[in-house]
Amino acid sequence: MICNVLQRGIQFLTTPVYTRILSTEEYGFYSVFLTWCNITVIIATLSLPNTPYYNGMLKFKDDGYVYTSSLQLMGNLATFVLAVLFTAIYPVIGAAIGLPYKLSILMFVVAFFNPAFLFWSYQQRLKYKYKALIIATLINSLLMPIIGIFLVISVGCGYEGLIYGYVISILAVGGFFYIKNLYRGRCKVKKEYCSYALKISVPLIPHYLSQIMLGQSDRVMINYYCGAGDAGIYSLAYQISLVMTILTTGINNALTPWFYRTFEKRGYSRIKQTINILTIIVAALSGIAMLVAPEIICLLGTKEYLKAVWIIPPVIFATCYAFAYGLWGTVLFCFEKSKQIASASIFGAVVNIILNALLIPKVGFIVAAYTTVVGYIAISICIYNFSIRACKKNTVDFNDIYDLHMFRIVFIGLAIVSLFCLLLYKQKSMVRYILLAIILVIVFIKRKTMASALKTITVKL
């Protein structure tokens, strides 16, 4: 989790630099590239560096290096084929993407090499070997802004410089682990491993795409309906929510291997207790981020970005909510119910996109934050029902693992804080500071309990 905080923290701290060396339009174009890149990586890699890899490394743990080699080479083949297809149809779809071909094709370079680093990092987490992972992650995180900012300021590449910096860092770090993984796996490909992974990964492609659609398609649609300037403002608000993404992603990365092993040993009470505390931690920090949003906007951006403050509460609420229902969905991953997860995510993404298409042209880009919340709520309803059914089918009581009453209390409280923040942003700051102090005092009083929960998921079982 600390590793992820450092990684995302570097990205967060470079945002004030980006917003000052680029115009809102250029920053918007850079954000749109990252969105398309994330979408491309999911499709081009067949979503192999995600849940299929975790499941397979536990199932084929005695032959993990060959399993890694098999998935890496299979993903490379898929990436190459898709890149060729993309090149052939680019004249038709290029205008819709909104990026020149020379930048668009770089997305496939990222898809080719970045999974190698992800495979290696998942190995380290499963083995609880974090030192090398932290070093490699920091090197990767530092290279991106250093190279990108140099190209923008010294070479005068504009937003393209940040894109080149992003790709070069992926090539350097991903390329090293690409060779390392193939060497350890002796460049072998086992049909059994590929078949197993594809059965899980292919149904999950819509799921991961839907997650991106919920989190990032807003920027693409805002760029289309309102222009790159508003997309840049919206992107800055999402950078603020990155504070919460840092935490939730870090906790999830640490929690997943622990959850799998504890669930396998039927340690349901331990899971429930730990998840309760982790959810309260995330909700408390979400409230803190909402309360200091105006100050963060002033720090990260210029006056052009002040409208972003109205986006932050719903976006942070959505991030926290996604963390919660993601915990419910983990049990579906344990039962390898990837189709149910995919269908839930697709439903939520469709709801979000339809609402955006209807409301953004009429209301403006700020409404996209609220449609995201609605999309996440739609997903959570589906995930809850699917998880209940899966648990019953496998003679497991869902309520033994998750405390739904606690979830309700936490998120009703967080919703109230969100509304208060929206009302208080135009008022004097003193009330916000008083609420902030109250939350900080509670966190301080409960610090040992929270630290204990975080320590639990780092203990190898």
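**Figure 1. Helix α13 against helix α17.** In this predicted model, helix α13 (residues 312-334) and helix α17 (residues 404-424) have axes that come within 10 Å and cross at roughly 170°. Angles over 145 degrees count as roughly antiparallel, so α13 is roughly antiparallel to α17. On the α13 side, the contact is made by Pro313, Phe317, Cys320, Tyr321, Ala324, Leu327 and Trp328. On the α17 side, Leu404, Phe407, Phe411, Leu414, Ala415, Ser418, Cys421 and Leu422 take part. Sorted by class, the contact of α13 with α17 has 14 nonpolar residues, one polar residue and no charged residues.

**Figure 2. Helix α11 against helix α17.** The axes of helix α11 (residues 268-291) and α17 also come within 10 Å, and they cross at roughly 5°. Angles under 35 degrees count as roughly parallel, and α11 and α17 are therefore roughly parallel to each other. From α11, the contact includes Ile275, Asn276, Thr279, Ile280, Ala283, Ser286, Gly287, Met290 and Leu291. These residues meet Met406, Phe407, Val410, Phe411, Leu414, Val417, Ser418 and Cys421 in α17. The contact of α11 with α17 divides into 12 nonpolar, five polar and no charged residues.

**Figure 3. The nonpolar cores and phenylalanine 411.** The largest nonpolar core has 140 residues. Those with the most contacts inside this core are Tyr67, Tyr234, Phe259, Ile401, Tyr402, Phe407 and Phe411. Helix α13 gives the largest share of the core, 16 residues. When residues up to four places away in sequence are not counted, phenylalanine 411 touches Thr279, Phe317, Cys320, Tyr321 and Ala324. A second, separate core has nine residues, including Phe117, Trp120, Ala136 and Phe177.

Figure 4. The structure holds zero disulfides. Cysteine 194 is in no disulfide, and the nearest cysteine sulfur, that of cysteine 187, is 13 Å away. Cysteine 194 is buried, with a relative accessible area of 10%. Cysteine 391 is buried as well, with a relative accessible area of 1%. Cysteine 187 is found in the loop between α8 (159-184) and α9 (191-225). Although cysteine 187 is not a glycine, its phi is positive, at about 55°.

**Figure 5. Asparagine 140 in helix α7.** Asparagine 140 lies in helix α7 (residues 131-155). Its relative accessibility is 5%, and asparagine 140 therefore counts as buried. Apart from its neighbours within four places in sequence, asparagine 140 is in contact with Ser169, Ile170 and Val173.

**Figure 6. Glycine 375 in helix α15.** Helix α15 (residues 367-393) contains glycine 375. Glycine 375 is buried, and its relative accessible area is 0%. Valine 350 is 25 residues from glycine 375 in sequence, and the two are 8.0 Å apart in space, C-alpha to C-alpha.

**Figure 7. Threonine 395 in a loop.** The loop between α15 and α16 (398-401) holds threonine 395. Most residues other than glycine have a negative phi. Phi of threonine 395 is near 50°, a positive value in a residue other than glycine. Threonine 395 counts as exposed, at 68% relative accessibility.

Key. Residues numbered from 1 in each chain as written. Predicted model: local features only at pLDDT ≥ 70, side-chain atom pairs only at ≥ 80, totals over all residues. Heavy atoms only, no water. Axes fitted to C-alpha atoms, helices over the stretch in contact; angles between N-to-C directions. Helix = DSSP H or I, 4+ residues; strand = E, 2+ residues; numbered from the N terminus. Parallel < 35°, antiparallel > 145°, perpendicular 65-115°, else oblique. Contact = heavy atoms within 4.5 Å. Nonpolar A, V, L, I, M, F, W, Y, C, P; charged D, E, K, R; others polar. Core = buried A, V, L, I, M, F, W, Y, C linked by side-chain atoms within 4.5 Å. Buried < 20%, exposed > 50% of the residue type's maximum accessible area, 1.4 Å probe, protein only. Disulfide = S-S within 2.5 Å.
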